[in-house]
Amino acid sequence: LVSTAGGGAGGALVAKVVHGQVSDKALVARTNKLFTKVAKAHLTAKGKPVTEGAVASLKREVTVGVFQEEVGGKTTVAVNNPKYYKLLQQAAGVGETPVEPMHGTRLSTKTGLPLKTKGIDVHAEQVLAADASVRNAAAGRVATSNKGCTEMCVPHLKAEYPKIRHVNPRQ
């Protein structure tokens with residue numbers, strides 16, 4: 001994961017990439033830090049006050065996920081809501097690769113055509129697991145800014161991506 005420290009001429013930021021695995025706690029902390037950066041940037045862009053309550057209220061709208069590969073330590077980040085993707089790209093640190101969100105459309109069982117509903121935004125941990133699978137990542141861990149749902153996400157990870165562990169599921 002990434003840490004930054006001020007310094008250099010003109011107060012430039014110096015970035016340091018930390019290689020290797022971080023603890024589950026550090027992975028969750030990074031996820032929460034990214035969520036806060038994304039939420040604050042969204043509120044600022046909308047001209048809304050950036051308060052603790054306003055940031056917390058966005059947890060209903062966006063989830064940030066961080067995935068770290070077991071071998072090599074590659075780190076990818078994702079959001080569930082496509083409208084926050086550009087903000088995530090800006091918030092991601094050195095060595096963190098943003099993964100584009102996915103949107104699902106339900107099809108009618110009768111006609112096979114898309115339903116007129118808006119569809120669903122795929123959960124961040126599922127986006128990261130699918131990306132890891134495509135890249136042939138053997139195993140890894142994922143943390144999310146909202147705890148992993150035990151109804152869908154955690155069981156789906158266990159069934160479809162058994163070597164990817166959700167480190168902060170809802171209890």
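1. Which residue takes a positive phi in the hairpin of strand 3 and strand 4? In that hairpin, which has five residues between the strands, Gly 72 is the residue with a positive phi, near 95°. This is a predicted model, in which local features need pLDDT of at least 70 and side-chain atom pairs count only at pLDDT 80 or more, while totals for chains, interfaces and linings use all residues. Residues are numbered from 1 along each chain as its sequence is written, and side-chain values use heavy atoms, with hydrogens and water left out.

2. Overall make-up. The chain has five helices and nine strands, where helices (H or I, at least four residues) and strands (E, at least two) are DSSP runs numbered from the N terminus. From the N terminus on, these elements run β-β-α-α-β-β-α-β-β-β-α-β-α-β. Of the 171 residues of the chain, 42% count as buried; buried means under 20% relative accessible area, exposed over 50%, and partly exposed in between, with a 1.4 Å probe and protein chains only. Residues 24 or more positions apart account for 55% of the contacts in the chain with a separation of 6 or more, a contact being heavy atoms within 4.5 Å.

3. Five strands form an open sheet in the order 5-4-3-8-9, and the pairing is mixed; two strands pair if DSSP finds at least two bridges between them. Strand 5 (96-98) and strand 9 (164-166) stand at the edges with a single partner strand each, so one side of each is left without a neighbour in the sheet. On average, neighbouring strands of this sheet are turned by 25° against each other, direction ignored; such angles run from 0 to 180 degrees between N-to-C directions, and the axes are lines fitted to C-alpha atoms, for helices over the stretch in contact.

4. Strand 3 and its partners. Strand 3 runs antiparallel to strand 4 (residues 75-79), to which five bridges join it, and Phe 67 stands opposite Thr 76 in strand 4. Five bridges also join strand 3 to strand 8 (residues 140-144), again in the antiparallel sense, with Arg 141 of strand 8 as the bridge partner of Gln 68. Strand 8 in turn pairs with strand 9 in the parallel sense over three bridges, and in strand 9 the bridge partner of Val 142 is His 166.

5. Burial of strand 3. Six of the six residues of strand 3 (residues 64-69) are buried, so this strand is largely enclosed by the rest of the structure. In a regular strand the side chains alternate between the two faces of the sheet. Here both faces are covered, with Val 64, Val 66 and Gln 68 buried on one side and Gly 65, Phe 67 and Glu 69 buried on the other.

6. Helix 1 against the sheet. Helix 1 (residues 24-45) lies across strand 3, strand 4, strand 5, strand 8 and strand 9, and runs at about 145° to strand 3. Leaving aside its neighbours within four places in sequence, Val 28 is in contact with Ala 143, Val 167 and Asn 168.

7. Asp 131, which has its place in helix 4, is buried at a relative accessible area of 19%. Apart from neighbours within four places in sequence, Asp 131 is in contact with Thr 76 and Val 99.

8. Helix 4 with helix 5. Helix 4 (residues 124-134) and helix 5 (residues 153-160) pack at an angle of about 15°, with their axes 10 Å apart. That makes helix 4 roughly parallel to helix 5, the class for angles under 35 degrees, whereas over 145 counts as roughly antiparallel, 65 to 115 as roughly perpendicular and the rest as oblique. The contact is made by Glu 125, Gln 126 and Ala 129 of helix 4 and by Cys 153, His 156 and Leu 157 of helix 5.
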